[in-house]
Amino acid sequence: MPIQYSSILKEHDAVRHRAGLFDLSHMGQFWLTGEGVPQWADTLTTNAVATMKPWQARYNIFCNDAGGAHDDTIFYRVGERWLLVVNASNAAKMWEHLNAHLPRDGVALRNDHGRAALIAIQGPRSVEILRPHVDVDIAALRYYFCTEGNVDGVPAIIARTGYTGEDGFELFVAGEAAPELWRKLLRDGGNAGLEPCGLGARDVLRLEAGMPLYGHELTEEITPVQAGQSWALKLNKPEFIGKTALAQQLERDDFSRIVGLVMQGRAPAREGYRVTRDGAAVGEVRSGSIAPSVGNKHIATALVERSAATPGTAVEVQIRGAAHGANVVPLPFYKREK
Amino acid sequence: MAQPQGLLFSKEHEWASVDGDRATIGITDYAQNSLGDIVYVELPKVGSTISQFSNVGVIESVKAVSDLYTPLSGEVMEINGALENDPSAVNRDPYGEGWLFKLRLSGADEQSALLSAGEYEKIATE
């Protein structure tokens, strides 16, 4: 997946107002089968797997013993099987992690990373553009659910999921069928404004939508609690890796946390820049970008001390030796009108 | 895009339009195209004196921060203030409304260290 096909801002505009096509085949795809999968997966993840309905999709986080994030993922319950989609950069680490915790029986794993393809169509015109290509009623498919169907005759798992803050679908297909499908969708969707989109646009879109990106808002050191993902934390599950540490962290409530920043001026905040309050260090920027959907302002996420995390707090971002004013704001920065 | 004739170019992808002891400075079409969508430009201060090939500011695209160098020495007489609110002018029209700053030249024999349009074309298309 390239950074951009034409221009990051042009591709961003396509997704917010028309539709964009993303090649996400670099993501890791693992198949989990066997009757033991839900109970076993629940011992490794923060969110619940066993309570997922057939064909449901659910965001979930794997943690280390200290509560830091090992990876953030999505589980898809495909009939009686489970598709686990992991970050590309974590695919090798996650495959090792799953195998290291594999029970003696009841669970089988298959690694399709590098073989299976994933194409996402995202944007308000996704239904209109995709509908003529599929043999299932995608308009009726609920958000965070999936189904099996054919896309231009190619067997696919079609999921109403995405990473842009817009409506859209993710199409899991065999790798060898993907190039032709990609070309067909682009050719037929062109009139409706469908454009190929790269990693650059994807990063701006997800940041505006307040979604964490592994390595930035979630790391082996930054926990789901710190990243504002406690909604995906089910402390009523009997036991899972990281549970004790995360429960203690929530209880103490003294941790530094991810906040949204909106820059007051025109200078972009970028990863690693120091954040200060009245000149005293309170944290650092984890992601930053211009935000066309937030009044074309520069926005950022930052990991800051609790005392500086309240929305409305005025802070400074240190850019090349100069302090640039910013305001702490609630996440997400952007929410689509439904 | 062919490089406009009559301008001088640096290997760092800046152009200079020299008129007597004055020069207008910008970045080339090749440079703006490589950077992608430009979202911020930090220019030298008016009144400051800058020397040839030194780092005098930054140009930021959505993804990257790049240093800006001056192809000639001199005193900064004017900067393109319109870029503060519309940095995309550098993408749209790098040799026109996307100019960066104007100098009163102070260096002698500096222009011989710069390239002609034809010479620069070879670097930019390599």
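Reader: How many residues of domain 1 of chain A are in contact with domain 2 of chain A?
Author: Eight residues of domain 1 of chain A are in contact with six residues of domain 2 of chain A. Keep in mind that this is a predicted model.

Reader: Which elements supply the domain 1 side?
Author: α1 and α6 of chain A each supply at least two residues of the side that touches domain 2. α1(A) gives the most, with four residues.

Reader: How do the residues on that side of domain 1 divide into nonpolar, polar and charged?
Author: Two are nonpolar, two are polar and four are charged.

Reader: Where are the domain bounds in chain A?
Author: The domain assignment puts domain 1 at 8–206 and domain 2 at 256–338. Their C-alpha centres lie 30 Å apart.

Reader: Switching to the other chain. How many residues of chain A are in contact with chain B?
Author: 13 residues of chain A are in contact with nine residues of chain B.

Reader: Which elements of chain A supply that side?
Author: α1 (8–17), α6 (199–208) and β14 (280–291) of chain A each supply at least two residues there. The chain A side that touches chain B divides into seven nonpolar, four polar and two charged residues.

Reader: What is chain B built from?
Author: Chain B has three helices and nine strands. From the N terminus on, the elements run β-β-β-α-β-β-β-β-β-α-β-α.

Reader: What is the radius of gyration of chain B, and what would a compact globule have?
Author: Chain B has 13 Å. A compact globule with 126 residues would have a radius of gyration near 14 Å, so the value for chain B agrees. The C-alpha atoms of chain B fill a box of roughly 35 × 35 × 20 Å along the principal axes.

Reader: What share of chain B is buried?
Author: Buried residues make up 40% of the 126 residues in chain B. On contacts, take those in chain B with a separation of 6 or more: residues 24 or more positions apart account for 63% of them.

Reader: Back to chain A. What is the strand order in the open sheet?
Author: The order is β8-β9-β10-β7-β1-β11, six strands with mixed pairing. β8 (146–151) and β11 (194–197) of chain A stand at the edges. Each has a single partner strand, so one side of each is left without a neighbour in the sheet. On average, neighbouring strands of this sheet are turned by 25° against each other, direction ignored.

Reader: How many bridges join β9 to β10 of chain A?
Author: Three bridges join β9 (residues 154–159) to β10 (residues 168–174), and these two strands of chain A run antiparallel. A:A159 stands opposite A:E170 in β10(A).

Reader: Now the backbone. Which peptide bond is cis?
Author: The bond from A:L331 to A:P332 is cis, with omega near 0°. A:P332 lies in the segment after β17 (322–329) of chain A.

Reader: What about A:D278, buried or exposed?
Author: A:D278 is exposed, because the count is 10 other C-beta atoms within 10 Å and 12 or fewer counts as exposed. A:D278 has a positive phi of about 50° although it is not a glycine. A:D278 lies in the loop between β13 (274–277) and β14 of chain A.

Reader: And where does B:D109 lie?
Author: B:D109 is in the loop between β9 (101–105) and α3 (117–124) of chain B. B:D109 has a positive phi of about 60° although it is not a glycine. B:D109 is exposed, with 6 other C-beta atoms within 10 Å.

Notes
Residues numbered from 1 in each chain as written. Chains lettered and ligands numbered in written order. Predicted model: local features only at pLDDT ≥ 70, side-chain atom pairs only at ≥ 80, totals over all residues. Pairing = 2+ DSSP bridges. Axes fitted to C-alpha atoms, helices over the stretch in contact; angles between N-to-C directions. Contact = placed C-beta atoms within 7 Å. Nonpolar A, V, L, I, M, F, W, Y, C, P; charged D, E, K, R; others polar. Rg over C-alpha atoms; globule rule 2.2 N^0.38 Å. Buried ≥ 20, exposed ≤ 12 C-beta atoms within 10 Å, placed from the backbone. Domains from an automatic or database assignment.
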